[in-house]
Amino acid sequence: MNRKAGLIVGFCMVVSTALTLGGQSAAQDHILLQSTTSTQNSGLYEHLLPLFEKQSGIQVRVVAVGTGQAIKNARNCDGDVLLVHAKAAELAFVEEGSGTVRHDLMYNDFVLVGPATDPAGIKGMMKIGAALEKIARARAAFVSRGDNSGTHKKETALWAATDVDPVGYSGTWYRETGSGMGATLNTASAMDAYALTDRATWISFGNKADHIVLIEGDPDLFNQYGVILVNKERCPNIKDRAGQQFIDWLLSPQGQGAIGRYRLNGEQLFYPNGS
């Protein structure tokens, strides 16, 4: 090989290597986060993600849907990281091999809201189960998401602990929207109905009308959020290094501190407890 030909081959090898490394870098410069809606609607991501992106150079693109749909999307390899709030379903996601390790990330609580007139007379009750039974006895309007979201899963579990099967009354006093939290709260407001919601969404919700928080503080209303890396062995195309970097940041003192500092209307919406 003459000198000129050798220089051309060498140049091509350098360019090829640079393109390969550049492609690998570009492939990891953003990740897809399958997420529940409350974290998005509350404004938490607008607070957190610029901090992470500035430090890491990795952009986080959020798909905010109900927890059930988010898990389904991640199971179909349409996402690198999963952040939702239905622990039993999250653990099942890991156990089936769709995710690697589940981490507690943060928590808040659910609240039962309803019209200030409180037709079922539940205000001030200490136990959510007793309040739900009283709503059922009064045949007072109750609006459910009915969409397999984390909030719907919690509501279903709360009803299951009572003597009432509300689905048997679907279309009468019990209404299922099949929609997100915002649409469900709008329906509850229009119908003067009760509804279960996570506190972060309630604080950020604009169309409260005369609805107020009627039941809160019961330990059964605890709302834990978890974060999971999608399993690369199941989904070879996921960006595991960048995804794990995001999870590590969320669980770090910096990420946990940022979660704890987030306020809306002066109220703390999420409480970090990463592990």
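The largest nonpolar core has 38 residues. A nonpolar core here is a set of buried Ala, Val, Leu, Ile, Met, Phe, Trp, Tyr and Cys residues joined through side-chain atoms within 4.5 Å. Buried means under 20% relative accessible area, exposed over 50%, and partly exposed in between, with a 1.4 Å probe and protein chains only. V81, L82, L83, M106, F246, L250 and F270 have the most contacts inside this core. The model is predicted: local features need pLDDT of at least 70, side-chain atom pairs count only at pLDDT 80 or more, and totals for chains, interfaces and linings use all residues. Residues are numbered from 1 along each chain as its sequence is written, and side-chain values use heavy atoms, with hydrogens and water left out.

Take M106. Leaving aside residues up to four places away in sequence, M106 touches T39, L44, L83, N223, Q224, Y225, I259, F270, Y271, P272 and N273; contact means heavy atoms within 4.5 Å. A second, separate core has 21 residues, including L132, F142, V164 and I215.

Now the aromatic rings. Rings of Phe, Tyr and Trp (its six-membered ring) pair if their centres lie within 6.5 Å; planes under 30 degrees apart are stacked, over 60 edge-to-face, and the rest tilted. The count comes to twelve aromatic pairs. Y107 and Y271 are stacked, because their ring centres are 5.5 Å apart and their planes lie at 25°. Y107 belongs to strand β4 (residues 99-115) and Y271 to strand β12 (residues 271-272), so this pair ties together parts 164 residues apart in sequence. Helices (H or I, at least four residues) and strands (E, at least two) are DSSP runs, numbered from the N terminus. Y107 is partly exposed at 28% relative accessibility, and Y271 is partly exposed at 34%.

F142 and W159 pair edge-to-face, because their centres are 5.5 Å apart and their planes lie at 75°. F142 is in strand β5 (residues 142-144) and W159 in helix α7 (residues 150-160), so the pair ties together parts 17 residues apart in sequence. F142 is buried at 0%; W159 is buried at 3%. Ring pairs link F142, W159, Y169, W173 and Y174 into a cluster.

Helix α7 also gives the most to the lining of the largest pocket, with four residues. α7 and β9 (222-230) each supply at least two lining residues. Among the residues that line this pocket are H85, K87, F110, K153, F222 and N223.

Key
1 Å grid on protein atoms, 1.4 Å probe; cavity = no way out; pocket = protein on both sides within 12 Å on 5 of 7 lines; lining within 4 Å.
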